[in-house]
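Subject: Structure handover

Hi,

Here is the structure for you to look over. Please open it beside this email as you read.

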Amino acid sequence: MFDTGSTGFMIVCAMLVLLMTPGLAFFYGGLSRRKNVVNTMIMSFAVLGIVGITWTVCGWSFAYGGDGSIPFFGGFDQIGLQGLVADITSEAPEALSHDAYPVMADVVFQLAFCMITTAIITGAVAGRVKFGAVCAFVAVWTVVVYPPLAHMVWGGEGSLVGDTIGALDFAGGDVVHISSGLTGLILCLIAGKRRGFGMVSYRPHNVPFVALGATLLWFGWFGFNAGSEFAPDGVAALALVNTVVASGAALVSWMLIERVRAGKPTLVGAATGLVAGLVVITPAAGFVEPWAAVVMGLVVSPVCYFAVSFLKRKLGYDDALDAFGIHAIGGVTGGVLTGLFCVPELSWTDFGGLFYTGDPALLGAQVLGILVTVVFVGVLDVVLCFIIKACFRGSLRVSEAEEAQGLDVAAHGESAYPAYVGLD
């Protein structure tokens with residue numbers, strides 16, 4: 001018999017994570033230009049449908065199927081979730097996950113992870129990429145990139161990053177944030193800069209949308225991190241506390257930076273700091289003490305602020321909504337700090353953080369795991385981008401006229417503000 005408490009816990013956590021992708025749509029929509037808000041939001045909504053299909057058909061099996069004999073791939077044995085319904089109805093032992101709840105609960109939990117990861121990517125190319133090209137890229141990426149990476153990190157015994165290297169990733173520093181942020185960077189580099197980039201000031205068009213989206217992300221993230229313990233126990237409670245305090249510390253840190261740099265804090269900045277704090281604690285949520293979570297939150301905002309306000313301008317890449325600057329940079333920061341602050345007794349391996357043990361083994365494993373993630377995702381992303389580009393007549397971009405008009409009308413025939421007749 002399944003444990004009803006554990007089953008209910010996982011279902012509720014899955015529902016919270018499912019809320020995050022529509023929340024991201026509001027967050028990104030508010031940050032976008034007025035003429036592109038519908039296009040920006042529908043890219044996140046398209047992910048809900050596409051990933052729902054790809055994860056059911058093969059994503060779950062490629063990530064968590066098989067017998068663990070391949071370090072970077074699950075298997076073909078659960079294609080189409082084959083056998084899981086029969087296992088539940090017969091209460092066979094193979095239907096159990098952690099001997100407490102049905103695999104189906106884990107399927108939808110991990111499905112929601114794949115959705116939010118993929119949706120993060122879209123923010124980097126807002127306002128200039130063909131909607132069809134985005135959908136095609138998402139469909140392929142969630143089959144050939146995300147599932148193998150999830151297996152490499154979370155596939156258990158025999159997995160390349162999680163077992164062989166021994167890197168820790170509690171809820172997705174590598175799998176979710178580094179992979180999505182890096183993919184966004186590669187896409188925006190291959191797609192090219194927006195029309196007028198460097199000459200036009202791109203301001204968030206709807207600050208309340210940004211705040212609403214950040215709130216939904218914050219709420220959903222509690223299921224994201226606490227649910228990654230896969231049990232309603234003390235570690236889940238620790239992950240929940242760490243999520244709250246790290247995000248709060250990062251919010252305060254970002255506002256202080258804005259106060260010093262610009263003379264006044266902003267709501268968009270506070271929301272961005274909140275998200276950066278959520279990102280940095282994700283790989284460490286169940287491994288560190290709350291005081292360390294506060295430190296991580298305080299540290300990540302200056303790092304991400306530097307990436308968003310200086311590094312992007314210096315290197316000249318057009319990451320429209322800062323998917324790379326917040327998620328990839330924040331994820332790397334969180335992964336490295338996990339190697340410093342991981343409590344030895346909470347570690348999944350034989351090694352604790354450098355702060356406690358004086359042993360750099362875990363820190364080294366964290367850095368190596370990040371490098372493997374970057375190389376794996378980066379190489380596949382470049383190949384996929386050029387394949388998708390070739391399929392769309394050699395260009396990922398909409399025409400200059402469509403970009404100038406705005407993709408809401410040009411690509412979707414809709415306007416978020418049909419009564420508005422002013423300038424963008």
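First, the ground rules. This is a predicted model: local features need pLDDT of at least 70, side-chain atom pairs count only at pLDDT 80 or more, and totals for chains, interfaces and linings use all residues. Residues are numbered from 1 along each chain as its sequence is written, and side-chain values use heavy atoms, with hydrogens and water left out.

**The helix pair**

Two packed helices are described by the angle between their axes and the distance between the axes. Take helix α8 (residues 173-191) and helix α15 (residues 361-391): their axes come within 9 Å and cross at roughly 40°. Helices here are DSSP runs (H or I, at least four residues), numbered from the N terminus. Axes are lines fitted to C-alpha atoms over the stretch in contact, and angles run from 0 to 180 degrees between N-to-C directions.

α8 and α15 are therefore oblique to each other. Angles under 35 degrees count as roughly parallel, over 145 as roughly antiparallel, 65 to 115 as roughly perpendicular, and the rest as oblique. The crossing of α8 past α15 is right-handed (the near helix is turned clockwise from the far one by less than a right angle).

Which residues meet? On the α8 side they include I178, L182, I186 and I190. On the α15 side they include I370, V374, V377 and F386. Contact means heavy atoms within 4.5 Å. The residues of this contact split into eleven nonpolar, five polar and three charged. Nonpolar covers Ala, Val, Leu, Ile, Met, Phe, Trp, Tyr, Cys and Pro; charged covers Asp, Glu, Lys and Arg; the others, Gly among them, are polar.

**The core**

The largest nonpolar core has 121 residues. A nonpolar core is a set of buried Ala, Val, Leu, Ile, Met, Phe, Trp, Tyr and Cys residues joined through side-chain atoms within 4.5 Å. F27, W55, Y146, F224 and V288 touch the most other members. Helix α4 (residues 103-122) gives the largest share of this core, 13 residues. Leaving aside neighbours within four places in sequence, F224 is in contact with residues including F109, F113, I116 and H177.

**Buried residues**

Buried means under 20% relative accessible area, exposed over 50%, and partly exposed in between (1.4 Å probe, protein chains only).

- A133 sits in helix α5 (residues 131-144). A133 is buried, at 3%. Its C-alpha is 9.4 Å from that of C385, 252 residues away in sequence. Beyond four places in sequence, A133 touches I388, F392 and L396.
- V268 is in helix α11 (residues 267-281). V268 counts as buried, at 18%. V268 and G30 are 238 residues apart along the chain, yet their C-alpha atoms are separated by 9.4 Å. Not counting residues up to four places away, V268 touches L31, P204, V207 and V210.
- N206 lies in the loop between α8 and α9 (207-226). N206 is buried, at 14%.

**Two backbone points**

Most residues other than glycine have a negative phi. F230, not a glycine, has a positive phi of about 60°. F230 is in the loop between α9 and α10 (234-261). R393 is not a glycine either, and has a positive phi of about 55°. R393 is in the loop between α15 and α16 (400-405).

Is R393 buried or exposed? R393 is exposed, with a relative accessible area of 84%.

Best wishes

Technical notes:
Helices (H or I, at least four residues) and strands (E, at least two) are DSSP runs, numbered from the N terminus.
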